[in-house]
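Dear colleague,

Please find below the structure that I am handing over to you, with its sequence. My findings follow directly after it.

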Amino acid sequence: MTAYASPARFPYQDASVSIDNRVEDLLSRMDDADKAGLLFHTMVAVQELTEPNAMFGLPSVANLIHDRRMNHFNLLGSAPSGREFAEWQNAAQHLARELPLGIPIAFSTDPRHSFTDNPGASMLAGPFSQWPESLGLAAIGSAERVERFADIARQEYLAVGLRVALHPQIDLSTEPRWSRINATFGEDADLTSRLVTGYIRGFQGEHLGTESVSTMAKHFPGGGPQKDGEDPHFAYGREQVYPGDNFEYHLKPFAAAIDAGVSQMMPYYGMPVGTHYEEVGFGFNRSVLHGLLRERFGFEGIVCTDWGLITDSPLMSAKAWGVEHLTPAERMLKILDAGADQFGGELCTDLLLELVDAGKLDRARLDISVRRLLREKFTLGLFDHPFVDTERAQAIVGRADFVAEGLDAQSDSLTLLTNRGRTLPLGRGIRAYTEGVDDKQLREYATVVATPDEADVAILRIKAPYEPRTNGFEAYFHAGSLEFPEQELERLNGIAAAVPTVIDVYLERPAVLGGLEHAAAAMIGSYGASDTALLRVLFGDRGPLGSLPFDLPQSMHAVIASRTDVPFDTAEPTFRFGHGLRYEA
């Protein structure tokens with residue numbers, strides 16, 4: 001990293017001064033606009049810094065920094081290489097240095113080391129090393145392996161100036177239909193608690209410091225128990241329900257994260273229904289954020305709301321569940337009163353300033369959050385080292401050994417569900433019909449044929465079913481039925497009847513297999529694995545080491561009858577949590 005070249009003029013610029021004193025010195029020099037800018041954490045993209053973001057209808061990065069005094073940004077998209085990524089970050093930091101106080105930017109990111117590309121939740125790996133989704137890490141089940149992943153991700157993030165991870169997502173997938181299960185560690189609270197400890201240690205170290213990436217655990221007090229499995233990004237999914245009176249179960253991973261030193265916390269959009277907590281979205285919920293998170297758990301770190309609770313955006317209306325009747329100003333006050341420090345996905349700094357000027361928001365309350373936010377920037381070393389080394393970024397991002405470890409994790413996460421007659425591993429040189437596998441890669445192992453009738457084996461890669469939503473942003477959230485359409489089942493069964501068939505199903509949600517587990521000669525569950533990672537296992541270069549991170553339900557009837565907040569609650573599941581066969585020696 002590159003340090004400030006200019007000598008310190010004020011105590012807050014002097015690295016030899018204690019962090020507490022640096023915070024207080026800077027706080028004394030900030031005007032209301034500087035303080036307001038700190039409380040906003042919105043999206044920017046890797047693009048020309050002076051150009052507006054047309055996709056999200058946002059002003060330019062330069063405008064956000066200079067006119068709104070903002071310096072926390074959730075970075076969307078990527079640059080083609082580590083060097084170009086780092087160059088862009090440095091250019092943005094130079095813009096921030098032009099302001100009188102020179103408060104550096106803290107760039108954050110959703111997960112960007114796996115396979116999912118949902119602009120509301122995660123991004124494709126791009127130039128970074130590629131690993132299985134969090135479900136795949138859970139299938140491996142090793143806290144040490146998770147810590148190693150997190151340490152590699154930390155190094156790659158750090159190299160390009162990403163200092164806040166908007167993850168881990170430690171919700172429990174007790175409602176199998178929920179569209180965001182893919183980024184969780186599954187439905188078992190104990191497993192999730194073990195893995196999140198390693199995750200935080202890998203990103204932050206034993207203590208948050210200059211070589212750390214701050215982690216923001218989400219979504220307190222636990223997304224997952226979504227009514228009918230619908231997501232609270234949308235009004236029809238705003239309710240979280242607890243028919244099994246199991247609210248406490250969902251808190252376990254967050255307690256573990258706090259014990260591990262997690263630096264930040266994000267509450268979810270959902271509103272609890274039928275509990276003793278106020279029936280408003282968790283970001284507005286004082287009984288949850290102040291009473292539960294701050295008082296009961298003693299959390300002293302940063303609380304940042306999920307994105308878009310206050311104002312409407314070009315993509316969707318504000319997700320102000322339970323407080324839709326409040327004005328944007330009233331929503332803002334309720335969020336601060338609840339105990340949050342930052343407004344995710346918002347840029348209405350003018351509204352906050354109006355509340356201060358009108359005496360509706362006490363400056364002392366504003367300073368509480370400002371201190372927390374400044375303290376983390378100082379602790380991360382951003383004031384002393386805002387710039388990154390572009391050549392180091394080029395060397396670190398996507399480094400060959402990191403890529404190799406990611407590929408090994410993809411293979412090891414594969415979960416062998418069935419293997420009739422020891423179909424797997426396959427012999428090299430066989431004739432293979434395939435769907436969903438790159439022919440060029442398969443030819444390294446087998447002779448590729450055009451039809452099942454010509455084949456010795458069929459290899460089919462399919463995805464867990466969902467009901468497509470066609471309304472723009474909504475289409476990225478795979479929700480609804482977990483059953484394959486009858487026509488697709490008939491087609492797959494027809495292939496399996498014609499030739500021994502190996503089916504790999506991408507388990508972004510717990511699919512209802514519908515008898516495919518009996519029709520297929522062998523069946524594998526995957527959670528983000530390239531063709532290379534899969535073929536190494538199918539042909540015996542590496543064995544499957546994954547175990548299911550959730551139950552696979554027998555039917556949609558069983559799913560609907562189960563209790564949304566209770567794990568392992570579907571009747572007679574096809575495969576249980578922890579199931580996973582191994583190749584015999």
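Please note that this is a predicted model. I begin with strand E11 (residues 415–419), which is mostly covered, as 5 of its 5 residues are buried. E11 runs antiparallel to strand E16 (residues 522–526), and 4 bridges join the two. Within this pairing, Asn419 stands opposite Ala522 in E16.

Strand E14 (residues 457–463) is largely enclosed by the rest of the structure because 6 of its 7 residues are buried, where buried means under 20% relative accessible area. E14 pairs with strand E12 (residues 431–435) in the parallel sense over 4 bridges, and the bridge partner of Thr434 is Ile459 in E14. E14 also runs parallel to strand E15 (residues 501–506), to which 6 bridges join it; here Arg461 stands opposite Asp504 in E15. Together with helix H16 (residues 486–498), E14 and E15 make a right-handed β-α-β unit.

A further point concerns an open sheet of 8 strands, paired in parallel in the order E9-E7-E5-E4-E3-E2-E1-E10. Its edge strands are E9 (302–303) and E10 (343–344), each of which pairs on one side only. Inside this order, strand E2 (residues 72–76) and strand E3 (residues 106–109) are joined in the parallel sense by 3 bridges, with Phe73 opposite Phe107 in E3. Helix H6 (residues 143–160) packs on the sheet and touches both E3 and strand E4 (162–165). The direction of H6 makes about 135° with that of E4.

With kind regards

Key. Residues are numbered from 1 along each chain as its sequence is written. This is a predicted model: local features need pLDDT of at least 70, side-chain atom pairs count only at pLDDT 80 or more; totals for chains, interfaces and linings use all residues. Side-chain values use heavy atoms; hydrogens and water are left out. Buried means under 20% relative accessible area, exposed over 50%, partly exposed in between (1.4 Å probe, protein chains only). Two strands pair if DSSP finds at least two bridges between them. A crossover is right-handed if, with the strands pointing away from the viewer, the path from the first strand over the helix to the second runs clockwise. Contact means heavy atoms within 4.5 Å. Axes are lines fitted to C-alpha atoms, for helices over the stretch in contact, and angles run from 0 to 180 degrees between N-to-C directions.
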